[in-house]
Amino acid sequence: MSELQLPLILPVVILAAWGILVLLMAPFFRETGRGLAALVSPWSVSLLGVIFACWGLVTQWRGIGNAVATTAYGMVRVDRFGIYVSLLVLVVGFMTLLFSARFLEREGAEQGEFFALMLFALAGMVLMLETTNLMLLLIGLEIFSVTLYVLCGLTRGRVRSIEAALKYFLLGAFSSGFLVYGLALLYGGAHSLDLAAIGQAIAIRPSAMITMGLGLVIVGLGFKIAIVPFHQWVPDVYTGAPTNVTAFMAAATKTVAFAALIRVLAGAFAALIRVLAGAFADQSAVWIPILTWLAVATMTVANLVALAQSNIKRLLAFSSIAHAGYLLIALVCLPELGIKAILFYLTTYAFMTVGAFGCAAAVGGGDLAAESGYDFISSWAGLGLRRPLLAGAMTLFLLSMAGIPPTGGFLGKYLIFQAAVASKQWMLAIVGSLNAVVAAYYYLSVIMTMWFKQPDAESASPSPVPPALAFVLTIAAAAIVYLGVAPTRVLGLLHGIASTLI
């Protein structure tokens, strides 16, 4: 408990202040420009803001060590778990911003407010990650959600983009209703919105009101994570939104929402599970089976539907839903194993998702892809001959998603299935392994199309890959290979983070 300390909220302040600066610059710098002109554009300034925010997080990391620092009278909690996930989200944001300038130029949507909205979204995400107060968590979630609603409709002259924004807004508002009602029930049952206080109330006297509140919070976050049956918005929104926005949404939103769910379950409701398993043994199967069957349904439905997709962005959308199912497996495992597996999987997922959607942006991109036909997998035939480096990068990202060694995706799946076996969640381990085999089919079918099918005679070759996007794809590919080949240091780091959180 302490008064407001600026160093502990510095990353959020930097992102918000830079967002306001970029917003003020936008009317005067409508175009990114090239050469020296690009150095004073909203694009370059927003990149600088993310770098400074990363510097603030690194400073916090060095300053607190394995301890926990609080400010704003306990509402802001800074620990290595929040800092690590925040850094991961900022890296995703930096990579997205880096290749967005030329992408927006090609899409005819070169609007300075895009960069300001991205910074505001990142500020909301970091705010959500560095708190154990449910009210502040809700504020952070709504900040980045509102900005994403606008970003989905960024290409205002195209129907699909407006449709995606409207669908996301309506279902996002619907999910927020569940979350707010759940928070109200938690407050009514525990008389506090702080996770530690809620945990103490549960340990002393669990109640039906608190249990119902947890259920509604899981539903509200389930929409953001996109788990079955709360996934209906994902395929249409991912397909209709500009591809750079889709890449950011798919990687960052899921990462933040899962981190928030871990905070809730590990911070307050771990006590509930222990109490229900002891004094109230007849109720011990309340939440574990629900999360178990949600994981089974999410993996199975997403992978089976993905088999029938002919649109690359819809296929990646259902793939994203399936990855949420794998992550749910780790949530019902022993915390010391599950949390480390989730953090490693989220790290790998972030890089391979940004990379895959970056390749989609390089080949076609946004609604122009629908007009040119590059949204369809069949149009990727012969990409290995026309753009071998681009096809090679996409192959690596798809192999990682399929869990093929020596990529980071393989080790991520291995850690999750290992945690399930060690936690005696046999069914989840078996169903997850079978789903991984099913998923490999549609990933490999895209690879086969790129390398072994001949393009149509009238097919136009994709445009050259812009240098910024090529750099992003290189970084993503290098990260995936590193996480698969030499993960020892990362795993050691994540083990320490998981230990402090538990």
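**Close-up views of a predicted model**

**View 1. The loop that holds Pro406.** Pro406 is placed in the loop between helix H16 (388–402) and helix H17 (408–422), in a model that is predicted. The peptide bond that runs from Pro405 to Pro406 is cis, with omega near 5 degrees.

**View 2. The loop between helix H8 (208–225) and helix H9 (233–240), with Pro229 and Ala226.** The peptide bond from Val228 to Pro229 is cis, its omega being near 10 degrees. In this loop between H8 and H9, Ala226 has a positive phi of about 70 degrees although it is not a glycine. Ala226 counts as buried, because its relative accessibility is 1% and the cut-off for buried is under 20%.

**View 3. His191 in the loop between helix H6 (159–190) and helix H7 (195–204).** Although it is not a glycine, His191 has a positive phi of about 60 degrees. With a relative accessible area of 64%, His191 is exposed.

**View 4. The contact of helix H3 (residues 80–107) with helix H13 (residues 335–363).** The axes of H3 and H13 come within 11 Å and cross at roughly 0 degrees, so the two helices are roughly parallel to each other. Among the residues that make the contact are Tyr84, Leu88 and Phe99 of H3 and Leu346, Thr347 and Phe351 of H13; by class, the contact has 16 nonpolar, one polar and one charged residues.

**View 5. The second largest pocket, with about 380 Å³ of space.** Of its 13 lining residues, Tyr84, Leu87, Thr347, Val490 and Leu493 are the closest to the centre. H3, H13, helix H19 (467–485) and helix H20 (488–501) each give two or more residues to the lining, and the largest share, four residues, comes from H3. The lining divides into 11 nonpolar, one polar and one charged residues.

Technical notes
Residues are numbered from 1 along each chain as its sequence is written. This is a predicted model: local features need pLDDT of at least 70, side-chain atom pairs count only at pLDDT 80 or more; totals for chains, interfaces and linings use all residues. Side-chain values use heavy atoms; hydrogens and water are left out. Axes are lines fitted to C-alpha atoms, for helices over the stretch in contact, and angles run from 0 to 180 degrees between N-to-C directions. Angles under 35 degrees count as roughly parallel, over 145 as roughly antiparallel, 65 to 115 as roughly perpendicular and the rest as oblique. Contact means heavy atoms within 4.5 Å. Ala, Val, Leu, Ile, Met, Phe, Trp, Tyr, Cys and Pro count as nonpolar, Asp, Glu, Lys and Arg as charged, and the others, Gly among them, as polar. On a 1 Å grid over the protein atoms alone, a cavity is a set of points where a 1.4 Å probe fits but cannot get out, and a pocket is an open set with protein on both sides within 12 Å along at least five of seven lines; lining residues have an atom within 4 Å of a point. Grid points are joined across faces, edges and corners, and a volume is the space filled by probe spheres set on the points. Buried means under 20% relative accessible area, exposed over 50%, partly exposed in between (1.4 Å probe, protein chains only).
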